[in-house]
Amino acid sequence: ATRAARIELGSTASVKDSVRDVGWEHMLETTWGDVRYAARTLRRSPGFTTVAVLSLALGIGANTAIFNLINTLMLRSLPVSHPEQLVQLLSRYPGEPRLSSFSWRHYEHFRDHNRSFSDLVAVSRARFQVTGEGVEPETIDGEYVAGNFFTSLGVRPALGRVVDAQDDRLESATAASAVVSWSYWTNRLHADPAIIGTAIIVNGAPATIIGVAPQEFFGLQVGMRPSVWLPAAM
């Protein structure tokens, strides 16, 4: 039996070598030998070493930039309560691209007859000409929002208050209200906590700043960063 095992498996020394080769000590020794050999080779060829290091740096940098872009545009969650529950309504005529634009009359009809969702909000992107005392005139991105926009999304202001249903009424005395973004507040309004209650001119109409949005809130579309939100009634 011993002779048959030796014939099948080989000599005792070769079996010991085979067992030793699969151990972690041998793998560590082999890896360390490869590292030392690679280091000697790189020292002997500085030109090749420079090209290799630069290639790795460019590759890692490019992959990091691509991941950051994808993370920002596709993977990042919206900074609202329960973002996984948000649904965007779309309209489409046969043979035409999908659209997410509705008239205000349609929005009111859907909102008043809604039986499927906990709430229905409306938002419309716009460009605003903003000026005022101590405010440098400029054109900024902004949005008109329904009165339930912030409360339905669970967005709490960092300062002051947000637009509510009372503001979003044509006859309301507070319809000309504005909520500014955190970045606009810090970069253009100098992070002044006394800014609440002051007036700015938006597209030629006066509006009172009633609140500052939280720092993490950038709206409902990743990549878009409105600076001012106004009630739709305005």
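Helices (H or I, at least four residues) and strands (E, at least two) are DSSP runs, numbered from the N terminus. The structure is a predicted model, in which local features need pLDDT of at least 70 and side-chain atom pairs count only at pLDDT 80 or more, while totals for chains, interfaces and linings use all residues. Residues are numbered from 1 along each chain as its sequence is written, and side-chain values use heavy atoms, with hydrogens and water left out.

The protein chain contains 7 helices and 7 strands, arranged along the sequence in the pattern α-α-α-α-α-β-β-α-β-β-α-β-β-β. Its radius of gyration, taken over C-alpha atoms, is 32 Å, well over the 17 Å given for 234 residues by the globule rule (2.2 Å times the number of residues to the power 0.38), so the chain is more spread out than a compact globule. Along the principal axes, the C-alpha atoms fill a box of roughly 105 × 50 × 40 Å. Of the 234 residues, 25% are buried; here buried means under 20% relative accessible area, exposed over 50%, and partly exposed in between (1.4 Å probe, protein chains only).

Two surface patches are described. Patches are made of residues with over 30% relative accessible area and no salt bridge, with like charges joined within 9 Å and nonpolar side chains (Val, Leu, Ile, Met, Phe, Trp, Tyr) within 5 Å. Accessible areas come from the Shrake-Rupley method with a 1.4 Å probe, and for residues only the protein chains shown count as cover. Lys and Arg count as positive and Asp and Glu as negative, whereas His and the chain ends are not counted; the place of a charge is taken as NZ of Lys, CZ of Arg, CG of Asp or CD of Glu. Arg36, Arg40, Arg43 and Arg44 form a positive patch. Arg44 belongs to helix H3 (residues 24–44) and is exposed, at 58% relative accessibility. A nonpolar patch consists of Val87, Leu89, Phe102, Phe110 and Phe117, which together have about 420 Å² of accessible area. Val87 is located in the loop between helix H4 (46–75) and helix H5 (104–112), and its relative accessibility of 56% makes it exposed.

The structure has 6 salt bridges, each defined as a side-chain nitrogen of Lys or Arg within 4 Å of a carboxyl oxygen of Asp or Glu. One of them joins the side chains of Arg127 and Asp141 (2.7 Å, N to O). Arg127 is in strand S1 (residues 123–132) and Asp141 in strand S2 (residues 135–145), so this pair ties together parts 14 residues apart in sequence. Asp141 is partly exposed, at 32% relative accessible area.

A salt bridge also forms between the side chains of Glu138 and Arg188 (2.8 Å, N to O). Because Glu138 lies in strand S2 and Arg188 in the loop between helix H7 (182–187) and strand S5 (199–202), the pair ties together parts 50 residues apart in sequence. Glu138 is buried at 18% relative accessibility, whereas Arg188 is partly exposed at 36%.

Arg161 and Asp167 likewise meet through their side chains in a salt bridge (2.8 Å, N to O). Arg161 is partly exposed, with a relative accessible area of 30%, while Asp167 is buried at 0% relative accessibility. Both residues belong to a network of salt bridges that links Arg161, Asp164 and Asp167.
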